[in-house]
Amino acid sequence: MKPLLEKHFGKVWLLVVFGFLYLPLAFMVLFSFNSTRTDARFTGFSLRWYEALLNDSKIVDGFFLSLKIAAVTGLLSAVLATFAAFVLVRYRRFLGRTVFSGMVNAPLVMPEVIIGLSLLLLFVGAQNVFGWPQRGMLTIILGHTLLGMAYGMVVIQSRLLEMDRSIEEAAMDLGARPHQVFFLVTLPNIFQAILAAFLLAFTLSFDDVVITEFLSGPGVSTLPQVIFGYARRGINPTIYAAATILIVTVTIVVVAYAVWVARATRKREREMAAAIRG
């Protein structure tokens, strides 16, 4: 019995960890189909909470607002993170490099409460002096981009560090200018990392509550804010239905991205093998 336990200890431990992480999600999905409001026991299968979700204007409006904010944040974060990572990896020495690196990485270790509060003070001061910007969608995007860019830069920077520089050098030897090397050689090689940075920033923006609470204005409520407000008032299975739809959507996106990356990797390996044989 003991050798058998030692043999399968890793698998058992893995199942325990995954059960601890995902069992609460499974219960939430189950109770999103509950026929009553109670979460003490499952009383029967029903789609009433999904119907209530579609009729809840606060959740629907919050979802589309969060989607727009996350999409813009993901795009801005990916672009800014690409340039920041490229500068730090390709240009080892320039005036202010240490300060620039520290400022870009600061949001990774700084509490979101501090980030949100400091940005709030900045925007309030700018509004008092210049009359702009008004707190709302724009200020939320700026705050989320600050956080998403820092995380995205880590992903892109790691890809740039492991990229073979000889490819860029060969392109320059063939007469390509620096901007041509970047767009025709470097960018295609790090595109997967850029896409991963976009998805990471999108996810961080979509479910952020802390920074959004500081930067949102009157009449502007994202989906996490709406869900958090409902949760404070007691049990509302409509929240479970909304969370279930988000879980399914995220799962589909993650699986699709993993399949795309696997196919792209296999294609690149076949092309490299064919080039070596040729």
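Student: Which helices each supply at least two residues of the lining of the second largest pocket?

Tutor: Those are α7 (137-162), α9 (178-189), α10 and α13, where helices are DSSP runs of H or I with at least four residues, numbered from the N terminus. This is a predicted model, in which local features need pLDDT of at least 70 and side-chain atom pairs count only at pLDDT 80 or more, while totals for chains, interfaces and linings use all residues. Residues are numbered from 1 along each chain as its sequence is written, and side-chain values use heavy atoms, with hydrogens and water left out.

Student: OK, and which helix gives the most there?

Tutor: α13 does, contributing 5 residues to the lining of the second largest pocket. A pocket is an open set of 1 Å grid points where a 1.4 Å probe fits, with protein on both sides within 12 Å along at least five of seven lines, and lining residues have an atom within 4 Å of a point.

Student: What is in that lining by class?

Tutor: The lining of the second largest pocket divides into 5 nonpolar, 2 polar and 5 charged residues (Asp, Glu, Lys and Arg count as charged, Ala, Val, Leu, Ile, Met, Phe, Trp, Tyr, Cys and Pro as nonpolar, the others as polar). Among its lining residues are Arg159, Glu162, Trp260, Lys267, Arg268 and Glu271.

Student: How many salt bridges turn up in the whole structure?

Tutor: The search finds 1 salt bridge, meaning a side-chain nitrogen of Lys or Arg within 4 Å of a carboxyl oxygen of Asp or Glu.

Student: Is Glu162 buried or exposed?

Tutor: Glu162 counts as exposed because its relative accessibility is 60% (over 50% is exposed, under 20% buried, with a 1.4 Å probe on protein chains only).

Student: And Glu168, buried or exposed?

Tutor: Glu168, which lies in helix α8 (residues 165-173), has a relative accessibility of 5% and therefore counts as buried. Leaving aside neighbours within four places in sequence, Glu168 is in contact (heavy atoms within 4.5 Å) with Arg90, Met163, Val181, Val185 and Thr186.

Student: Switching topic, what lines the largest pocket?

Tutor: There are 25 lining residues, of which Phe202, Thr203, Phe206, Leu246 and Val250 lie nearest the centre of the largest pocket. Two or more residues of that lining come from each of α4 (57-90), α10 (191-206), α12 (223-232) and α13 (237-277). The largest share, 10 residues, belongs to α13, and by class the lining has 21 nonpolar, 3 polar and 1 charged residues.

Student: You mentioned α12; how many of its residues are buried?

Tutor: In α12, 7 of the 10 residues are buried, and the helix is mostly covered. The buried residues are Leu223, Pro224, Gln225, Val226, Ile227, Gly229 and Tyr230. After α12 comes Gly234, whose phi is positive, near 120°.

Student: Last one: where does Ser32 lie?

Tutor: Ser32 lies in the loop between α2 (9-31) and α3 (48-55), and because its relative accessibility is 0%, Ser32 counts as buried. Not counting residues up to four places away in sequence, Ser32 touches Ser46, Trp49, Tyr50, Tyr240, Ala241 and Thr244.
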